[in-house]
Amino acid sequence: MPPDPAPAEPATITPYRDGPLVVRGPFRLVDQDGHEIEVQRSTIALCRCGKSKLRPLCDGTHKQANFRAPSAAEDRSRPAPPG
């Protein structure tokens, strides 16, 4: 059986400030045991707050939970403030 053809564009994952991780493009979603989680869309939002009732997908609960997270990567070159 020939290998699957490579996708034209890799998936793009965008962390939204105070919101989900949005995945666009061809992707496969699997659980930690390797079982596929079937999705019917080419763009999905993955929960970052842990409060969604559709986990691992986002249902918008982060807004009510006042979830806070940056969009950009954290700067790990500087020590974290005490606290």
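You're looking at a predicted model, where local features need pLDDT of at least 70, side-chain atom pairs count only at pLDDT 80 or more, and totals for chains, interfaces and linings use all residues. Residues are numbered from 1 along each chain as its sequence is written, and side-chain values use heavy atoms, with hydrogens and water left out.

Now colour by burial. Of the 83 residues, 17% count as buried (under 20% relative accessible area, with exposed over 50% and partly exposed in between; 1.4 Å probe, protein chains only).

Switch to cartoon. You'll find zero helices and three strands, in the pattern β-β-β along the sequence. Helices (H or I, at least four residues) and strands (E, at least two) are DSSP runs, numbered from the N terminus.

Next, select the sheet. It is open, ordered β1-β2-β3, with antiparallel pairing; two strands pair if DSSP finds at least two bridges between them. Pick 12-15 for β1 and 43-46 for β3: these are the edge strands, each pairing on one side only. Neighbouring strands are turned by 20° against each other on average, direction ignored (axes are lines fitted to C-alpha atoms, for helices over the stretch in contact, and angles run from 0 to 180 degrees between N-to-C directions).

Zoom in on β1 and β2 (residues 21-24): four bridges join these antiparallel strands.
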